[in-house]
Amino acid sequence: MPSGANTSGRQATAAPFAIELKGISKAFGPVQANKDISIAVPRGTIHGIIGENGAGKSTLMSILYGFYRADSGEILINGTPTAIPDSQSAIRAGIGMVFQHFKLVQNFTVLENVILGAEEGAMLARSLAKARRVLSDLSREYELDVDPDALIEDLSVGHQQRVEILKALYRQADILILDEPTGVLTPAEADHLFRILSGLRDQGKTIILITHKLREIMEITDHVSVMRRGTMVGTVKTAETSPEELAELMVGRKVLLEVDKGAPNPGKTVLSVQDLHVRDEHGVERLKGISFDIRAGEILGIAGVAGNGQSELLEALGGIAAATGRIVMNGTDLPLTGATANGQTRREAGIAHVPEDRQHLGLIMDFEAWENVAFGYHNAPEYQKNALLMDNDALRADTAAKMERFDVRPPIPTLPAKSFSGGNQQKIVVAREIERNPDLLLIGQPTRGVDIGAIEFIHKQIVALRDAGKAILLVSVELDEIMSLSDRIAVMFDGKLMGFRDPETTNERELGLLMAGVSEGTP
Amino acid sequence: MDRLPKWADVVLVPLVSLIFAAAISAIVIKAIGQSPSEALKVMVEGSLMSAYGWGYTLYYTTSFIFTGLAVTIAFHAGMFNIGGEGQAQLGGLGVALACLLIPWPHWSVALLAASLSAAAFGAVWAAVPAYLAARRGSHIVITTIMFNYIAAALIVYLLVDVLRPAGQMDPATARFPKTVSLPTLNQIPGFDLFFQKEVPANVTLFIALAAAWAVWLILWRTRLGYQLRAFGKSEPAARYAGINPAKMIMISMTISGALAGLMSVNNVMGEAERLLQNSSEGAGFIGIAVALMGRNHPVGVVLAAVLFGFLYQGGAELGLWTAIPIELRIVVQGLVILFTGALDVMVRMLLVWLFSFGRKRQVA
C-alpha cells in the first residue's frame, strides 16, 4: 500500500476534502464504540468534534491515527483511500496528533524532542541544524515562538503544547488533530492557541478539534460534528448553530447550561484557614501561607491553573497531606500533622471530600460500587453487622438507594467502579459524600471528565447543599464552572491566594490575569 | 481491551497453563530417555490412586495451604511476602519450644499451645521486615528474602549449640514426648475406614482448612479485610479514606507470618516430632506458586495446594520406582510455576485471541 507517498504531491489534484471517513465501525467486545461513522472535513477548515465521555470521539481519532483498526469502513485522505495500520502510516499520510497528555521527554530540549523519532542518520548534528532552521521558519509563520534550546521541564504547559504542535508540523502534517487542547491552559494561553490554529488554517492546514467545551467550538470552528453513543448525530455549520442546540444534540434532551441558583444566605463561619503551609515529599513548598474563611451557606470557588497548590490545599484540609498553620472547623482546631490528622478524623469533624482525582483517590476502581460507597465511611455503625463482620447486605441496599436518588446508570451495586462512565463514577462519589450531610464539602474538579447531563445534575446537588446551609469549597480549573457556581472567588497562583473577587462584578479577563500571577495592585 | 469470561479466567487459564507445563515436562522426560506416559502413570498411581498415596499428598497439601494463604493475605494488602520459608522455620522453633518445655497432658492442649506458639513466632519474624517497610520504607521483598537466610542461620545455631541434647550427633532437638503426638488420619474414627496404613497426613489438615475459611472471612466480610484490600489496591486512595498505611502493612504481614508459622504444626509436630534443620523444605516458596495459581483466593489456594501436593508426592514416587531422578519433580514444579505465574499473561493473551477468533466467526 503506497500510503507513504508524498502528500504534498497530491495537493495538485485538489480534492475537496482533506479527510473523509466512510462508514467507520469499531466494536470492543459487545460495546459498539463507533457505529457507521461518516464525516468529510474540507481542506483548510477547523472541524470540531464534540460528544459526551464515551461517545466514541477518542476511538474515532485513534482509528484515524492508527492506534486501532476499524472493523469496517474506509478512510480517504485527500480523496485517496488510505490504510492506516499504525501511527507511522498516519504520519506519512500527513496526519499529526496533539494528545491531551503530552508525549514529551521532560529532560530533553525542545529541539531534541522535535527530532525524536525523525532523526536522519546516526549523528544528531545534521538533524538538529535542520530542525533549528525549520523551527525558526515555523515560529515566524504561526506565532509559535518557543526557545529551541529550552528544556521541556522548564517550559509552561502552554509552551509544551506548542512543542507538540511543532513536532507535528516538523513531520509535515497537513492535518492536525488536537484532543482537548485547552484543558490545562489559562484563558490567555487558550486565546493564543486559537490564534495559532487560525493561522494554520489560513495557510491551508486542516484542523480537527476534539473538545467538550461548547464555547471553544463556537469560537473557533467552521463546522462541528456531534457524536452520541458511538454514532454521528449530525454535522452543522458553526455559524448556523447555538450552544443550546449542540448540547441538546450531544445529550439527546434539553439541557440547562446556566446554573440555576438564588442569592446566597451566608451564616456563621464554618471553616477558618490561617497561614496554611504545605510541603511536598521533596520538601518543596507548595502552599505558601493561605488564609480564608468559608461561612455556612456559601460556596467559595478557588480558580487557578492546575498545579498551583489547589491539590495540596484540598489534601491538607482532607487530612491527606501534613501542613502547618491553623485549620479551625466549627471553632475547633484540627490536627495538621501526626497520626490524628487523617481522613477519618476529618470526616468526624464534619468534612466531606470529593477529591480532584476520583480514579486514584475517591474510588477503588476494582472494587464494586457498594464497596466504594463504604469507602471512607467503613467505620459507620450502620454498615456493621456485629463487632466482627460488616453488613454487606445493608451496604448493598444503601448503595442501590443512593444510585436511584443520584440517577447512577446502570443502577447495579455489584458492578466494579471501573465499569461506570466518568459521570456515573463521579455521581457515586458525590452521593457518598453529600448524603453524609457534612458541614463542609470539599469538592475538587467536580465535573472533570463528566458528561453534560451529569454536570447539570452535580451542579444542582452542590447548590442544594449550599441552600441547606452548608459550606462548600469548590476547586476547579474550569473558569466557567467557578464563575457560575461560586458566591465568592479566590484565585490561586504559585501556592498563594492572589485575591478574592465577586463573581457578579469580575470577568474572565480579570481572573485570567490573576491566574497568571498578575495582581494589578490589589493583593 | 478484550476480556475473558469469568469461567475462562478462573478455570481455563490455570488449566491451559498446566497443560503447557505438562507438555514441556514430557519433552524433558523424553529427552533423558524415559517414557513420559510411564512417568505420569507412576505419579498418578503413587499419589492419587491409593489411600496411602493420598495420605502423603494431603500431608504436603496441608503445608502448602498454610504458606499459600500466607502469600494470599499479604498480597491483598499489596505486600509480596517472600519470607514464608523463614517464618515457617521460626514457627517450627515455636512448636518445638511449646512441645519440649511444658509436659502437656493431652495432644489436644498441646496442639492448641503449639499452634499459638508457631503463629506467634512466625508473626514476629514477619513483623520485623513489616516494621522496616512501614517506618523506613525498605522494600518488603528484599527484607523478607534476607530474613529467610537469617532464620536458617539462627535455627542452625540453636540446634547445634542450644537445643541439641547432650550426646546426640545430628543437629536437631530432642524427640517430642509421645503424649503430644498428633493423630494421623488413619487414627481418626471415620477416616480410618479409608486410611488403613500409617500416613503422615494429620489433624493439622483441618486447621489448614479452617484457616482458609478464616482468611476468606477476614478478607471479604470484615472491616479489617476491607481496609487491607483497599490499601492493597491503592495506597493514595487508602490515605484519602483515612486508612493508616503503616498499620495495614503491620497487620497484613503479621497475619501472613502467623499463617506461614502455623505450617510447622503439620511437619514438625505432626510428622517429624522434633525440629530439624531446614524443616520447611521449600514449602514457603511453594506457597508463592500456590497463591499465584489459586488466584489469591482461599478456595483456589486449597485446590492449588492439592495440585502441588500431588506433584510433590508423585515426584517422590518417580524417584522410587523409575530411573527418573527425584530432582525431576523440581523441574516439573518449576515449569508449573513458570506457566501459572510468570507466563500467565502469555496464556491469557492466547486465550483472548482464541476467544476473539470465535466471536468473529459468530458474527460472520
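What follows is a friendly conversation about helices, strands and single residues in this predicted model.

Biologist: Before we start, what should I know about the numbering and the values?

Modeller: Residues are numbered from 1 along each chain as its sequence is written, and chains are lettered from A in the order in which they are written.

Biologist: Why is A:His192 called buried?

Modeller: Buried means under 20% relative accessible area, exposed means over 50%, and partly exposed is in between, with a 1.4 Å probe and protein chains only. A:His192 has 13% relative accessibility, so the residue counts as buried. Its place is in helix H7 (residues 187-202) of chain A; helices are DSSP runs (H or I) of at least four residues, and strands (E) of at least two.

Biologist: Which residues does A:His192 touch?

Modeller: Leaving aside residues up to four places away in sequence, A:His192 touches A:Glu143, A:Asp145 and A:Arg162. Contact here means heavy atoms within 4.5 Å.

Biologist: What makes A:Val105 partly exposed?

Modeller: Its relative accessibility is 26%, and therefore A:Val105 counts as partly exposed. A:Val105 sits in the loop between strand E6 (95-98) and helix H4 (110-115) of chain A. Not counting residues up to four places away, A:Val105 touches A:Asn113, A:Leu116 and A:Ile152.

Biologist: Why are H5(A) and H6(A) called roughly perpendicular?

Modeller: Helix H5 (residues 124-142) and helix H6 (residues 157-170) of chain A pack at about 110°, with axes 10 Å apart. Angles of 65 to 115 degrees count as roughly perpendicular, under 35 as roughly parallel, over 145 as roughly antiparallel and the rest as oblique. So H5(A) is roughly perpendicular to H6(A). The angles run from 0 to 180 degrees between N-to-C directions, and the axes are lines fitted to C-alpha atoms, for helices over the stretch in contact.

Biologist: Which residues of H5(A) and H6(A) meet?

Modeller: Among them are A:Val134, A:Leu138 and A:Tyr142 in H5(A), and A:Leu166 and A:Tyr170 in H6(A). The contact has 8 nonpolar residues, 1 polar and 1 charged.

Biologist: What makes H7(B) roughly perpendicular to H8(B)?

Modeller: The axes of helix H7 (residues 204-221) and helix H8 (residues 223-233) of chain B cross at roughly 70° and come within 5 Å. That angle makes H7(B) roughly perpendicular to H8(B). The residues in contact divide into 5 nonpolar, 1 polar and 3 charged, including B:Trp220 in H7(B) and B:Tyr226 in H8(B).

Biologist: How do you know that E1(A) and E2(A) pair?

Modeller: Two strands pair if DSSP finds at least two bridges between them. Strand E1 (residues 17-28) and strand E2 (residues 31-42) of chain A are joined by 8 bridges and run antiparallel. One of the bridges links A:Ile24 to A:Ile37 in E2(A). The two strands form a hairpin with 2 residues between them, and A:Gly29 in the turn has a positive phi of about 55°.

Biologist: What makes E12 and E15 of chain A edge strands?

Modeller: The open sheet has 4 strands in the order E12-E11-E14-E15 (chain A), with antiparallel pairing. Strands E12 (285-295) and E15 (332-333) each pair on one side only. Within this sheet, 5 bridges join E11(A) to E14(A), and A:Leu271 stands opposite A:Met329 in E14(A).

Notes. Predicted model: local features only at pLDDT ≥ 70, side-chain atom pairs only at ≥ 80, totals over all residues. Heavy atoms only, no water. Nonpolar A, V, L, I, M, F, W, Y, C, P; charged D, E, K, R; others polar.
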